[in-house]
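Subject: Structure for you to look at, with notes on domains and salt bridges

Dear colleague,

Here is the structure that I wanted to pass on to you. Please open it first, and then read the notes below with it at hand.

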Amino acid sequence: MKRTLYLLGILLIVGVLLAACGSSAGQNGAQAVKTVIVTVQAKGGNTPSGFGTTLKAVKERGHLICGVNSELPGFGYVDQQGNYKGFDVDFCHAVAAAIFGDPNKVEFRPLTAKERFTALQTGEIDVLIRNTTWTLTRDTELGANFAATTFYDGQGIMVRKDSGIKKLEDLQGAKICVATGTTTELNLADQMAAHGIKYTPVVFEKADQVYGAYDEGRCDAVTSDKSQLVSRRTTLKNPKDHVILDITLSKEPLGPVVRQGDDQWFDIINWVVFATFTGEELGINSKNVDKIKATTQNPNVKKFLGLEGEMGQKLGLSDDWAYNIIKYVGNYAEIYNRNLGPGTPFDLPRGLNNSWINGGLLYAPPIR
Amino acid sequence: MMKQASVPFWRDERVLAWIAQIVFLVVTVAFLWYLYHNMITALAERGLLPSFHFLKLTAGFDISQHLIPYDRSSTYGRAFIVGTLNTIEVSILGIIFATILGIIIGVMRLSTNWLINKLASLYIEIIRNVPLLVLLVFWYTGVFLQLPRLKEAKFLPGPTIVSNRGIAMPWGKPTSTWHIYLYILLVGFILAAIVWWRLTLIGKRTGRMPLVSLWSTLTFLGVAALGWIGLVIFAHQAPLAPDLPKIQGLSTVGGLELSPEFLALLSGLVFYTAAFIAEVVRAGIQSVSKGQVEAARALGLNGFQTFRLVVFPQALRVIVPPLTSQYLNLAKNSSLAVFIGFPDLYSVAGTIHNQTGRAVEVTVLMMSIYLSFSLITSAFMNWYNKKIRFVER
């Protein structure tokens with residue numbers, strides 16, 4: 001009897017596996033699901049996803065839940081006082097400022113690269129601002145929508161200075177540390193295959209493990225977004241012993257991500273980002289915003305700061321939404337310089353992340 | 001008399017029992033259906049219809065260790081198989097080494113020598129009371145990553161190259177005579193089986209059981225050695241050519257390369273599980289009553305014979321069932337590999353989940369694979385348990 005049960009169990013599982021591998025199973029599954037939707041019209045899970053529901057839920061809750069990185073100095077990390085700090089974290093504050101007029105009404109959820117999309121899909125977080133690269137697959141298959149890019153990055157490679165590695169071809173036979181669940185893991189495989197270079201990836205889930213193993217000499221090189229390499233280099237034992245190669249493996253546009261299905265929320269996140277761009281374009285920052293608001297005669301500035309045009313209400317927010325962002329968090333240049341610019345350990349040049357006025361890629365649609 | 005049988009059905013115990021069973025079944029099925037339905041509708045709302053189509057798509061990522069050919073242009077399905085094989089590899093090796101080490105320590109624990117006894121107790125108490133994850137991280141960052149860098153690698157005889165990139169040891173490369181040698185090995189196996197059968201018959205007839213396993217193994221090894229020598233003399237080609245590792249550029253080439261991740265995972269699992277197996281073995285041996293040993297000694301068996309013929313066969317019946325659950329634990333614990341970067345099933349499935357966003361499908365597949373692996377292991381162990389069960393004659 002027992003043996004029969006075992007046999008049955010094993011048969012069942014093998015059956016499931018076989019069915020899973022056959023393509024017909026997938027189609028049948030999809031069909032079955034369609035039927036369910038048509039006949040039941042389900043009321044769905046615990047998190048809202050239709051138009052306007054996210055903002056409503058956030059307002060009712062009284063704070064925003066923002067998915068961030070907690071291991072990436074400069075972008076998202078916990079400082080010695082236990083507060084979240086960084087470039088991405090500041091955009092969470094900007095969203096909170098736009099909604100509540102208070103930048104601190106944010107709850108942060110630290111997420112690994114692997115966890116982030118599940119957290120977004122299941123509604124555990126309202127918005128994901130965690131140095132996340134915008135790709136076609138993620139935009140479509142993960143049920144995610146990517147808002148305006150906040151940071152244009154490229155994938156780089158860091159090696160030890162004394163290794164003598166100068167170009168990609170020098171990495172023949174190398175061990176390369178990389179974080180799993182990232183676009184960098186895929187780009188690395190693509191680029192190495194394209195150049196016919198044999199290498200061994202050493203894959204970890206958390207950034208601390210990746211850079212820890214690299215620092216111990218487990219790998220000849222470590223690959224990630226260049227900004228991340230610069231940031232993590234400061235946490236290595238001897239930062240001066242490491243050099244970032246002058247190679248860019250890929251385009252990495254990083255920005256906030258929201259769930260599909262709530263266009264209002266998507267618009268809000270987009271325009272919060274655009275507001276920080278616009279603030280820089282108009283020369284408005286956290287220090288002069290009150291003075292400008294009191295004296296300005298410029299119609300564009302008036303619309304931006306909520307003195308005319310009821311721009312905020314069109315987003316479902318109050319009209320001083322952009323004023324609050326600039327006042328409490330700052331414009332893009334302030335956010336950038338505070339976290340990554342001169343005076344920080346990273347001192348990253350603006351490069352592509354400059355306003356279009358200064359020859360960069362940041363270009364906000366008009367607020368009118 | 002007949003009247004007595006006509007109890008109304010709502011007071012009939014058998015009917016009530018049936019009804020209780022049916023109600024329980026209905027409630028269980030309804031609950032599972034509710035969970036399933038809830039999941040499907042929640043997924044559908046987000047536009048994520050369950051489908052296993054993604055298994056046929058290009059994976060796009062590399063896996064450092066693969067027992068079957070794999071590169072970035074292979075499919076997700078193949079990546080799944082690679083991860084599964086890595087898990088099976090480390091589990092089987094882990095089970096073998098943990099059993100050997102566990103039995104040794106378990107027997108040491110019963111030694112009358114004070115030092116040996118205490119050493120074994122110390123080992124068991126320390127290892128059993130440290131979480132496996134801590135042990136794994138210790139082996140990885142505390143032992144294998146602290147080995148010298150490749151440039152200062154240690155050369156052990158062989159040559160075996162030891163560095164924090166892992167251990168590269170000499171290995172054999174099959175030559176043109178390898179397939180002939182496989183036939184010779186088959187012949188050796190058959191001869192060994194015949195020896196086994198004959199010796200067992202003799203043992204049963206005379207009542208003096210010879211060392212069956214020893215003689216069969218010797219037969220097999222003898223044929224293997226003769227075959228090797230024969231091939232070298234007559235075909236001028238040994239079946240395996242030595243494949244020696246050497247350092248070339250940034251890595252070692254040739255030989256058998258064991259990565260620090262693999263070594264750390266294997267060591268952690270073996271040392272951890274061995275502590276539990278040692279206790280299982282000790283309990284099994286102690287369960288054999290003292291009278292058995294005394295009777296055996298009275299019959300004139302020496303210490304080794306007593307252990308081999310009287311104590312161990314009886315202890316085995318007590319050992320095997322808990323041993324099975326230790327094996328299952330080891331296989332399932334191997335999923336902690338993800339913390340030290342070994343691409344086992346859980347780690348690879350995690351990457352696939354991440355790249356495709358198919359959380360439910362990937363989890364279902366992963367659970368099914370672990371479940372079937374455990375069921376197969378326990379089916380085998382149950383068969384073995386039945387085989388060694390005390391047969392009364």
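In chain A, 18 residues of domain 1 are in contact with 19 residues of domain 2, where contact means heavy atoms within 4.5 Å. Before going further, please note that this is a predicted model, in which local features need pLDDT of at least 70 and side-chain atom pairs count only at pLDDT 80 or more, while totals for chains, interfaces and linings use all residues. Residues are numbered from 1 along each chain as its sequence is written, chains are lettered from A and ligands numbered from 1 in the order in which they are written, and side-chain values use heavy atoms, with hydrogens and water left out.

The two domains of chain A

Domain 1 of chain A covers 53-151 + 253-358 and domain 2 covers 153-252, with bounds that come from an automatic or database domain assignment. Their centres, taken over C-alpha atoms, are separated by 29 Å. Between them the two domains bury about 1,500 Å², of which 58% is on carbon and sulfur atoms; buried area here is the accessible area (1.4 Å probe) that two parts lose on being put together, summed over both. Of the area that domain 1 of chain A buries against domain 2, A:Glu71, A:Lys114 and A:Phe346 supply 32%, more than any other three residues.

A:Lys114

A:Lys114 forms a salt bridge with A:Glu205, in which the closest N and O atoms are 2.9 Å apart. A:Lys114 lies in the loop between β5 (106-110) and α5 (116-121) of chain A, the elements being DSSP runs numbered from the N terminus, with helices (H or I) of at least four residues and strands (E) of at least two. At 13% relative accessibility A:Lys114 counts as buried, since buried means under 20% relative accessible area, exposed over 50% and partly exposed in between (1.4 Å probe, protein chains only). Leaving aside residues up to four places away in sequence, A:Lys114 touches A:Thr180 and A:Glu205, and also B:Tyr346, B:Gly350 and B:Asn354.

Other salt bridges

Over all chains, a search of the whole structure finds 22 salt bridges. In one of them A:Asp220 pairs with B:Arg165, the closest N and O atoms being 3.0 Å apart; A:Asp220 lies in the loop between α8 (207-215) and β11 (221-225) of chain A and B:Arg165 in the loop between β2 (160-163) and β3 (166-169) of chain B, so the pair joins two chains. Both A:Asp220 and B:Arg165 are buried.

A:Lys327 forms a salt bridge with A:Asp290, with 2.8 Å between the closest N and O atoms. This pair links distant parts of the chain, 37 residues apart, with A:Lys327 in helix α14 (residues 321-328) and A:Asp290 in helix α11 (residues 289-295) of chain A. A:Lys327 is partly exposed at 28% relative accessibility, and A:Asp290 is partly exposed at 35%.

Conventions
Salt bridge = Lys/Arg side-chain N within 4 Å of Asp/Glu carboxyl O.
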